[in-house]
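Work through the exercises below with the sequence and the three-dimensional structure side by side. Try each task before reading its solution.

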Amino acid sequence: MSAISREDVVHLARLAHIEMSDAELDKMTGELGVIVDAIASVSEVASSDIPATSHPIPLTNVLREDIVGQTLSNDEVLANAPDSDSGRFKVPAILDGE
Amino acid sequence: MHRTPTRADSRSRQSWMVNSSMNELIKLSATELAAKLRAGEVTSVQAVQAHLDRITEVDTALNAFLHVNAEEALAVAAEVDAIRAAGGAQAQALHPLAGVPIAIKDLIVTKGQPTTAASKMLEGWMSPYDATVIEKIRDAKLPMLGKTNLDEFAMGSSTEHSAYGVTRNPWDLNRIPGGSGGGSAAAVAAFEAPLALGTDTGGSIRQPGAVTGTVGVKPTYGAVSRYGAIAMASSLDQIGPVSRTVLDSAHLQELIGGHDPKDSTSLANPLEGLVAAAESGAAGDLSGLRVGVITELQGEGYQDGVQARFEESLELLKTAGAQIVEVSCPNLKYALGAYYLIMPSEVSSNLAKFDGVRYGHRVLPEDGPLTIERVMGATRAAGFGDEVKRRIVLGTYALSAGYYDAYYGSAQKVRTLIQRDFDAAFEQADVLVSPTAPTVAFELGSNDDDPLAMYLNDVATIPANLAGIPGITVPGGLSDGLPVGIQFLAPAFEDARVYRAGAALETLLEKQWGHSLISQAPAITADSIAQKA
Amino acid sequence: MSTEELVDFDVALEKYDPVLGFEVHVELNTKTKMFSDAPNAFGDEPNTNVTPVDLGLPGVLPVVNKTAVEYSILIGLALNCQIAEKCGFARKNYFYPDTPKNFQTSQYDDPIAHDGWIDIELEDGEVFRVEIERAHMEEDAGKLTHLGGAAGRIQGADYSLVDYNRAGVPLVEIVTKPITGAGKRAPELARAYVGAIREIVKNLGVSDAKMERGNVRCDANVSLMPKGAEKFGTRTETKNVNSLRAVEHAVRFEIERHAAVLDSGEKIVQETRHWHEDTRSTTSGRPKSDADDYRYFPEPDLVPIVTTADWIEELRSRLPEPPAERRKRLKADWGYADKEFRDVVNAGVLDEIEATIAAGTTAAVARKWWMGEIARLAKAADKEIADLGVSPETIVELDALIQGKKINDKIARQVLEYVVAGEGTPAQIVEKRSLAVVNDDAALGKAVDEAMAAMPDVVEKIKGGKMQAIGALMGPVMKATRGQADAGRVRELVMEKLGL
């Protein structure tokens, strides 16, 4: 297991959409390195024949009947919106591919 | 051989009495208060007002509440009083806890009261819907006193990571009240509320319970609906009760539990007999109960005082007829690692929705082009605290291409191994027992620069979340004048067992001490309040 | 708009073999959304068909729509897929303002249906088998409207507005395995494949299947490899090609463009392409990047779906006859020639003809009306034939009036127009407008006498054995009877009067 590089953290912060200053990136790189080293031991025990548990209590087929319920009013929907226009949420320009 | 609480000796019990606005009502347990309400000896308005007065008196020092809901709480109390006064079928139909005030961890969404998750991200946000547990509390007419402080988005073990200031431990205002649910635990410990709701992802109900000398329960995963609890780690989160007595928690879990069609992971059937189990445990007879001591959750890493109280508790359980057996869960040594992979992974995804588009804060970048990507980045940079960011980035890493198998995938396998360990242990024992936390409450600020040290506080509580099993913490005495918690664990669906064992230990200890542990908490004096406010 | 170099299609196909692949998203027409009980409805006021779940509010949890699961299984069965015994949902993590949670709940490594196939018949009857890799469930995103700058385009927009009504609408994404061997017929096959999927989901009743509303959306993958090669070339994915014609054109365009790039010795960039209907061309979208690390992991808020054999068999019993098999059966039953049948299929009136025959006409009569006068009226009204409002009963009634010699063909066509105009049933219209043919011998006899008197030369020809000359008398007779004379009876009368 390789330690986390600063470049990794830059990439991760971008994936997570959290802007970070150089100082924050440095600090985060150090902290994550320590944490990752401490928890990397899990991969030692996990052999391929052990099934993964993603839900602690195994349930299946929890399904809902196709019946319409209560919706929010447009006012309720937009009540907490940072910005809105004509019944819709307003967001700054989306530059596809950025 | 059993030590009685040292603080009870060294500090004046009378300090409670000299407190000018001290009101006997706030010292009652929820069950006792409910009985008095039903008997007409007190009104709910009186009870609510007494707790509001207490909040006014001490919360400037504690900062347990982020929002006090006085007006609505009094209105609900008045409604209950009116129904009781009118008598008849409507009064008969009231829930037994109707009129008993309750505090709500501010991770649980409420209509008409702000919900912040102790984050700047949600400052001023008003939920247009109620959590399922809140609907149940409204239906049962428990006046909600307000919303309690927590580590931001429930990430932390000290409530120091709140965007709205630390909560202080009523036992020592220089110490942490545990976390993430430090607000609920402190509120209950300081008699600001008889009951509170918490959420427990890795110990956020039980560890604060332990360090504040209160009771807290993490139910079986799915026993209480998560709908409306702001998700931290979906496969680990569970809402549960916080109280000063085991019986009170049992009542509260029966109230908030049960199937919810809005939560796909909700159990099909309610877990029953919790109150009955607590009552039977309180009778003090544990004949035939096999209590398993987990080798890996004691000894090294646990403070001497904690270990001592733990061992004394085992002796006491034996006197009540319990059979103590030693069990080993060897894979628990990987629990912390698995937890700190699964939890941040789910966190990184669950907290993606906080982006400044639909609700919450929107922060514009200081310079450069105004694009949605940059607004999201600036919003999340400003809206989240350091611990939240750390976990989001860690989780993003654990899930990212090339690392998934080694990290997230492996952690899910460890989860299977831990479940198997517990399955084997529960072959030998009906309940398992351990200290709840390895240390007593630490001083504020002592883990500021060492996130790993803080994570270690959860070493004994995390396994229950990974396995989905129920756990309770009950006060086990004091170490250096600070509370120690004892934890019981039971197999999934067997929440009744932790109530039975917990109530038994509570009764045995109180009988030995001659009083409850919490009654020995030092007064929060006017001086100390003035100093911390 | 496009500055792309292209190579002529036929030239390109001499050098290269195209490999196709399709991801078709089908919006299901369930009453509610995939994970919430908000209405799944099109065209309502913005942000009104949303619950806290669809907005991704703090604290909300998803619950799976059972009908959506069943519809997905039906699609899988109709595509001859294996249905997974156990499957689940995963989170696909990426930030985009139309995605309320900033992750899409989808299926990842365990789709509900996998490994199927579908036979695609091209217009001339050639059949291609397209193999289906998987069909999985997921949720749709909200709708973005880009404003300011170049309105409607994402580039240059000042801001965007978001409507989450569509967020959470159930989708089934159908993914093919790579399709090789189509050669020059690749564009045609592309169109036929998407058309077949549309037809199947419509026939199943699980989707409204209106491409213009985005109920069926196609992403088309195209790559070229040198003729005879086995290793696939680099592919591009042209997104949201949302009409059958566009699918055909987009595939054709990309083949021509790829060929030009490859011919010039350059490499195809693996990227998404945007289709522009106005210029019938694609432009470069977004190259694959490390931002495409979607960090899939099992959705912890949802539990697995287990499909029992009983459940699947119950669903299988609900499957309607597959469209291709039905066509084969109907063609044989009706005895239409190949071209006649193809025309009927292309006109989209199979259902109407089937219903008309069931209501009592012959196959020939049904075809005559639906492909003839009704089609003409529809074209004149600029409507789909099915939308004209002609019922099978109308045709049966018209045909009965003709057979009973109450009206002739010409008048029947008039009557149909009046039916379409909403004047009533054919019988009512004939009555009201007094359109019944005149076969009263007295009246007809008089008209015939007058015509014969006026045209003695014609009469002589008839007497001389030229029976077709009777036709010349028909005009004046019809004129005298305002077109309502029964032509057969006129003929009989002429012959009687001449003693023939």
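**Exercise 1.** Determine what share of the residues of chain A count as buried, and decide how spread out chain A is.

*Solution.* A residue is called buried if 20 or more other C-beta atoms, placed from the backbone, lie within 10 Å of its own, exposed if 12 or fewer do, and partly exposed in between. By this rule, 38% of the 98 residues of chain A count as buried. The model is a predicted one, in which local features need pLDDT of at least 70 and side-chain atom pairs count only at pLDDT 80 or more, while totals for chains, interfaces and linings use all residues. Residues are numbered from 1 along each chain as its sequence is written, and chains are lettered from A and ligands numbered from 1 in the order in which they are written.

Next, list the secondary structure, where helices (H or I, at least four residues) and strands (E, at least two) are DSSP runs numbered from the N terminus. Chain A has four helices and three strands, which follow one another along the sequence as α-α-α-β-α-β-β. The radius of gyration, taken over C-alpha atoms, is compared with the globule rule of 2.2 Å times the number of residues to the power 0.38. For chain A the radius of gyration is 22 Å, well over the 13 Å that the rule gives for 98 residues, so chain A is more spread out than a compact globule.

**Exercise 2.** Find the order of the four strands in the open sheet, and name its edge strands.

*Solution.* Two strands pair if DSSP finds at least two bridges between them. The order is 2(A)-3(A)-10(C)-9(C), with antiparallel pairing. The edges are strand 2 (84-85) of chain A and strand 9 (143-147) of chain C, each of which pairs on one side only. Within chain A, strands 2 and 3 are joined by two bridges, and Asp85(A) has Arg88(A) as its bridge partner.
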